[in-house]
Amino acid sequence: MHAPSINYIAVILATLSSMVIGSIWYTPKVFGNYWMKLSGVTPSGKASDAVRPIILTVIVSFITAWVIAGAAALSFP
């Protein structure tokens, strides 16, 4: 079995698009206020509180895009 050839530019673009869509989705004018109300989240007002969740989201989005790209490369040789 060989390692799949993965287009890392596409993986990075997929990661970035996930972050863009997520930042639009969770803005207060779209679903942000509704999401905060349902999940019981209260904004602290400090930007430093958002750093860790954003970094984790970037890592998870990259891994997800990488796995999907690898699965697609193996599925369609």
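User: In this predicted model, is Phe31 buried, partly exposed or exposed?

Analyst: The model is a predicted one, and the class of a residue follows from its relative accessible area, where buried means under 20% and exposed means over 50%. Phe31 has a relative accessibility of 36%, so by these cut-offs Phe31 counts as partly exposed.

User: How are the rings of Trp25 and Phe31 placed, and what is the pair called?

Analyst: A pair of aromatic rings is described by the distance of the centres and the angle of the planes. For Trp25, which is partly exposed with a relative accessible area of 46%, and Phe31, the ring centres are 4.6 Å apart and the planes stand at 45°. Planes under 30 degrees apart would count as stacked and those over 60 as edge-to-face, so the pair of Trp25 and Phe31 is tilted.

User: Which kind of aromatic pair do Tyr26 and Trp35 form?

Analyst: The ring centres of Tyr26 and Trp35 are 5.3 Å apart, with 65° between the planes. Both residues are partly exposed, Tyr26 with a relative accessible area of 44% and Trp35 at 38% relative accessibility. Because an angle over 60 degrees counts as edge-to-face, the pair formed by Tyr26 and Trp35 is edge-to-face.

User: Which residue has a side-chain polar atom 2.8 Å from the backbone oxygen of Trp35?

Analyst: The residue in question is found in helix H2, which covers residues 28-39, and at 40% relative accessibility it counts as partly exposed. A polar atom of its side chain lies 2.8 Å from the backbone oxygen of Trp35, and the residue that supplies this atom is Ser39.

User: Which helix is included in what covers the buried residues of H3?

Analyst: The buried residues in H3 are Ser61, Ala65 and Gly70. Ser61, for instance, has a relative accessibility of 12% and counts as buried, and it touches Thr15, Ser18 and Met19 when residues up to four places away in sequence are not counted. What covers the buried residues of H3 includes residues 8-25, that is, helix H1.

User: Which side chain is joined to that of Ser61 by a polar contact of 3.1 Å?

Analyst: Ser61 is found in helix H3, and the residues that it touches include Ser18. The polar contact of 3.1 Å joins the side chain of Ser61 to the side chain of Ser18.

User: What is the radius of gyration of the protein chain, and what does the globule rule give?

Analyst: The secondary structure of the protein chain comes to three helices and zero strands, following the pattern α-α-α along the sequence. The globule rule gives 11 Å for 77 residues, and the value for the chain is well over this, so the chain is more spread out than a compact globule. Along the principal axes, its C-alpha atoms fill a box of roughly 50 × 25 × 20 Å. The radius of gyration of the protein chain is 16 Å, against the 11 Å of the globule rule.

Notes
Residues are numbered from 1 along each chain as its sequence is written. This is a predicted model: local features need pLDDT of at least 70, side-chain atom pairs count only at pLDDT 80 or more; totals for chains, interfaces and linings use all residues. Side-chain values use heavy atoms; hydrogens and water are left out. Helices (H or I, at least four residues) and strands (E, at least two) are DSSP runs, numbered from the N terminus. Buried means under 20% relative accessible area, exposed over 50%, partly exposed in between (1.4 Å probe, protein chains only). A polar contact is a pair of N or O atoms within 3.5 Å; within protein, one must be able to donate a hydrogen and the other to accept it, and residues adjacent in sequence count only if both atoms are side-chain atoms. Rings of Phe, Tyr and Trp (its six-membered ring) pair if their centres lie within 6.5 Å; planes under 30 degrees apart count as stacked, over 60 as edge-to-face and the rest as tilted. Contact means heavy atoms within 4.5 Å. The radius of gyration is taken over C-alpha atoms; the globule rule is 2.2 Å times the number of residues to the power 0.38.
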